[in-house]
Amino acid sequence: MIRNKSSSRVESVHRALVLLKLMVQEGSLSVTEAARALDVDPSTAQRLLATLAGAGFAEQGEQRRYRPGPELLRPGMMVALPPLRVRARPFLERLFDRVGETVHLATLIGTTIHHHDGIEATTHALRFGLRVGVVLPAHVTSAGKAMLADLTAEEVEDRYRTVPSMVGGPATELDFEKLHQELAATRRRRVGTNFQESEDGVAALAVSLGVIDGEHAAFSIAMPIARFGSGDGERLAGHLLRTAAELKEGIL
């Protein structure tokens with residue numbers, strides 16, 4: 001057996017467990033993603049995934065991606081977790097305490113974002129109200145851009161060409177070149193922005209939390225654009241990234 005000399009762990013078992021954890025967190029996993037996560041050759045990752053599939057702990061689905069198999073999903077194998085809104089709430093409160101502005105938890109469904117939870121800043125005379133329960137087009141919101149930026153260009157276009165659009169016309173009328181440019185900038189910044197795109201008077205920033213329990217989620221901060229100063233972008237982005245990292249470490 002191949003063992004890690006420093007911890008005496010069985011390396012092949014450790015790698016298999018890492019892949020199982022990733023499949024549960026992300027919903028599915030490609031050979032390339034598995035190899036990158038383990039820092040091994042794709043051939044090694046392929047053998048590990050094939051072994052898990054052979055034992056029923058994984059199965060190969062569409063686009064040759066591996067997802068949790070029947071052995072992993074059968075009753076008793078997985079402990080039920082509280083809903084995402086409940087698990088993310090302490091971190092949403094932490095973000096609110098840090099920024100003092102209205103914050104939200106949103107998820108991406110098709111081409112829209114759904115606001116599931118939020119905390120409103122009430123100490124400012126000029127403030128941004130809660131949007132809990134509100135559904136908005138993803139490509140004009142900070143949270144939507146942050147989550148869409150996690151997808152490939154092909155995945156983004158597939159969503160807008162196959163899912164009913166909320167933009168007031170056929171999805172094919174969407175300027176994909178402009179959208180891809182915006183998403184490329186979002187990936188570089190690691191933060192999505194929205195300056196009066198979803199509604200007048202709003203300035204918002206958001207960070208993707210990745211896929212949690214099968215839901216693609218994001219935290220966002222919103223405030224009136226009249227109060228948005230030159231240094232607020234960098235400051236708020238820093239708090240978003242810090243809180244997102246803490247959430248991933250705390251609940252994943």
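Analyst: A word on names: helices and strands are DSSP runs, numbered from the N terminus. The model is predicted.

User: OK. Which helices and strands each supply at least two residues of the lining of the largest pocket?
Analyst: Helices α1 (11-26), α2 (31-38) and α7 (153-162) do, along with strands β3 (102-109), β7 (202-212) and β8 (215-224).

User: Which gives the most?
Analyst: α7, with four residues.

User: How much space lies in that pocket?
Analyst: About 1100 Å³.

User: And which residues lie nearest its centre?
Analyst: Glu 26, Ser 28, Arg 65, Leu 151 and Glu 155. The lining has 27 residues.

User: How do they divide into nonpolar, polar and charged?
Analyst: Eleven are charged, nine are polar and seven are nonpolar.

User: Switching topic. Which residues touch the most other members in the largest nonpolar core?
Analyst: Leu 209, Phe 219, Leu 240 and Leu 247. That core has 25 residues. At least two come from each of α5 (84-99), β3, β7, β8 and α9 (232-251).

User: Tell me about α5. Which of its residues are buried?
Analyst: Leu 84, Arg 87, Ala 88, Phe 91, Leu 92, Leu 95 and Val 99 are buried in α5.

User: Where is the kink in α5 centred?
Analyst: On Pro 90, and the kink is about 35°.

User: What span should α5 have?
Analyst: It has 16 residues, so at 1.5 Å a residue it should span 22 Å. The end C-alpha atoms of α5 are 22 Å apart, which agrees.

Methods:
Residues are numbered from 1 along each chain as its sequence is written. This is a predicted model: local features need pLDDT of at least 70, side-chain atom pairs count only at pLDDT 80 or more; totals for chains, interfaces and linings use all residues. Side-chain values use heavy atoms; hydrogens and water are left out. On a 1 Å grid over the protein atoms alone, a cavity is a set of points where a 1.4 Å probe fits but cannot get out, and a pocket is an open set with protein on both sides within 12 Å along at least five of seven lines; lining residues have an atom within 4 Å of a point. Grid points are joined across faces, edges and corners, and a volume is the space filled by probe spheres set on the points. Ala, Val, Leu, Ile, Met, Phe, Trp, Tyr, Cys and Pro count as nonpolar, Asp, Glu, Lys and Arg as charged, and the others, Gly among them, as polar. A nonpolar core is a set of buried Ala, Val, Leu, Ile, Met, Phe, Trp, Tyr and Cys residues joined through side-chain atoms within 4.5 Å. Buried means under 20% relative accessible area, exposed over 50%, partly exposed in between (1.4 Å probe, protein chains only). The expected span of a helix is 1.5 Å times one less than its number of residues. The bend at a residue is the angle between axes fitted to the seven residues ending there and the seven starting there.
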